[in-house]
Amino acid sequence: GDHGALWLSMLAVPLGALAAARLSRRLGGGAGWVAFVVVGALSPLTFYGADQWEHAPALALGLWAVALLVERPDGRTALLAGLTAGAAVVLRREIVFFLLFLGLAELLVAAGRAHWTRRPGHRIVPVLVGGGLTLAVGFVFDREVMGGTTGGRSATQAARAGSELAERLSDAVLTTVVQYPRLGFAEIVLGVAALAGMVMAGLGWRDDDASRIRLGCILAVGCVAIRILSGTGFVPGAFAVLPLTGLAPVLARDVGRRLLVVAGAAVVATIAFQWTGSLAAQWGGRYLLLPAAVVAVVAAAEIERRGWRQPVARVALGTTAALAVFGLLWHVERTDWIGARSDDLEAALAVDDVVVSTHAHFPRELGAMVTEGRWLRANTPADVPGALAVAATMGVDEIRLLHEGGCATDPCGQRWAESEVGREVPGWQSAGTVPIAWFGPRDWVLETLERD
């Protein structure tokens with residue numbers, strides 16, 4: 001039924017954890033159980049597994065594609081690698097950067113080039129066929145069922161690539177290393193210091209330097225503790241939410257090092273193409289889930305190989321676990337709060353009401369649940385009169401308008417005509433308002449408009 005998509009997200013968690021374990025074994029990480037636990041229980045995969053979104057399935061599929069491709073498969077396994085790679089890209093387009101750079105890295109290494117070119121019909125061709133098949137299915141589905149929404153969005157992003165450089169640079173910092181849902185000097189320092197502490201501890205572990213281990217661990221634990229004590233909220237940084245990734249650059253070997261280079265290139269490319277702004281309200285860098293997860297697997301493999309009971313390993317796993325629990329608590333808190341607001345709207349609306357909303361998320365998150373689909377979104381305040389005109393074609397004498405409650409006048413009656421961006425709408429008059437608390441500091445109003 002309606003909950004089937006949620007089950008897909010939930011099932012993606014163990015599937016992604018199994019892929020992480022397989023990749024870890026390829027990296028020399030023993031049985032791979034540390035990577036299994038880190039990705040399956042302590043990473044953003046767990047967070048997004050509780051959401052009815054595509055992030056968790058895309059990440060799980062992407063991890064399987066990476067795990068299979070670095071094994072340099074042939075035959076059916078190569079076909080499976082292509083199928084999982086294509087499906088991951090269909091769900092999250094930015095994953096294509098990691099996979100393309102991974103393919104390039106394989107061809108630049110002599111052993112990889114020899115493998116893929118020796119019997120191309122059993123190796124490269126199955127990967128390309130599998131990937132091409134799933135991409136073609138995704139393209140047809142997007143065009144015929146979704147009206148080209150995903151493809152159009154990707155084209156818009158591509159056209160804007162490299163623009164708004166200042167905002168992209170600030171987004172890059174926020175979505176990689178920052179632990180707070182805001183970008184200030186103190187937040188940047190704390191985020192960088194937490195990862196720098198893990199790098200220092202990793203260097204001490206590698207060189208058997210107790211003083212560096214002690215200082216690095218204190219720095220990492222202190223920064224994470226400050227974030228947790230600051231109160232619940234988003235941790236937007238992809239690597240900030242996984243402190244153990246700080247160990248990867250100093251402990252990685254051979255294949256692990258190549259994966260770090262691939263991840264770094266994918267991060268740069270993704271930031272160049274991703275949407276700008278609106279990245280504070282996310283957990284663990286939603287555009288960078290695959291690069292961060294792969295770096296976490298590299299670190300987990302080295303932790304398992306060197307011994308997870310070692311002090312640095314315990315601090316790395318402990319700080320990562322602390323942020324994971326923190327994130328799940330925030331997830332529950334935020335979900336409960338949004339559920340309460342949903343109840344407020346449901347109580348204020350009848351299922352046969354016609355609704356015009358200036359709130360971007362009402363149609364996608366609540367519209368289908370609290371109405372019979374009789375709603376429209378007005379993208380801008382100037383679109384409200386036109387949306388009302390369209391809604392009026394339903395033959396109703398009453399329309400509900402969901403809009404911001406801020407007013408230009410004092411005292412504030414919270415009518416659309418009194419708002420800072422609103423205006424009187426010819427042919428309609430206000431018949432009452434119901435306040436609705438919603439995202440962020442702004443209040444929203446559900447206003448009843450009747451024909452004059």
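Predicted model: local features only at pLDDT ≥ 70, side-chain atom pairs only at ≥ 80, totals over all residues.

Trainee: How much space lies in the second largest pocket?
Mentor: About 520 Å³.

Trainee: And which residues are the closest to its centre?
Mentor: Leu69, Leu99, Gly103, Val127 and Leu128, out of 20 lining residues.

Trainee: Which elements give two or more residues to that lining?
Mentor: Helix 5 (75–91), helix 6 and helix 8 (124–144).

Trainee: Which one gives the most?
Mentor: Helix 6, with seven residues.

Trainee: Let's stay with helix 6. At what angle does it pack with helix 4?
Mentor: About 5 degrees, for helix 4 (residues 55–69) against helix 6 (residues 95–108). Their axes are 11 Å apart.

Trainee: So what do we call that, roughly parallel or roughly antiparallel?
Mentor: Roughly parallel. The angle is under 35 degrees, which is the cut-off for that label.

Trainee: Which residues make the contact?
Mentor: Helix 4 brings Ala58, Ala65, Val66 and Leu69. Helix 6 brings Ile95, Phe98, Leu99, Leu102 and Glu106.

Trainee: How do those divide by class?
Mentor: Eight are nonpolar, none is polar and one is charged.

Trainee: Switching topic. How many aromatic pairs does the structure hold?
Mentor: Six. One of them joins Phe234 and Trp330.

Trainee: Is that one stacked or edge-to-face?
Mentor: Edge-to-face, because the ring planes are at 85 degrees. The ring centres are 5.3 Å apart.

Trainee: Where do the two residues lie?
Mentor: Phe234 is in the loop between helix 12 (210–229) and helix 13 (248–251). Trp330 is in helix 16 (residues 311–348). The pair therefore ties together parts 96 residues apart in sequence.

Technical notes. Residues numbered from 1 in each chain as written. Heavy atoms only, no water. Axes fitted to C-alpha atoms, helices over the stretch in contact; angles between N-to-C directions. Helix = DSSP H or I, 4+ residues; strand = E, 2+ residues; numbered from the N terminus. Parallel < 35°, antiparallel > 145°, perpendicular 65-115°, else oblique. Contact = heavy atoms within 4.5 Å. Nonpolar A, V, L, I, M, F, W, Y, C, P; charged D, E, K, R; others polar. 1 Å grid on protein atoms, 1.4 Å probe; cavity = no way out; pocket = protein on both sides within 12 Å on 5 of 7 lines; lining within 4 Å. Points joined across faces, edges and corners; volume = space filled by probe spheres on them. Phe/Tyr/Trp six-rings, centres within 6.5 Å; stacked < 30°, edge-to-face > 60°.
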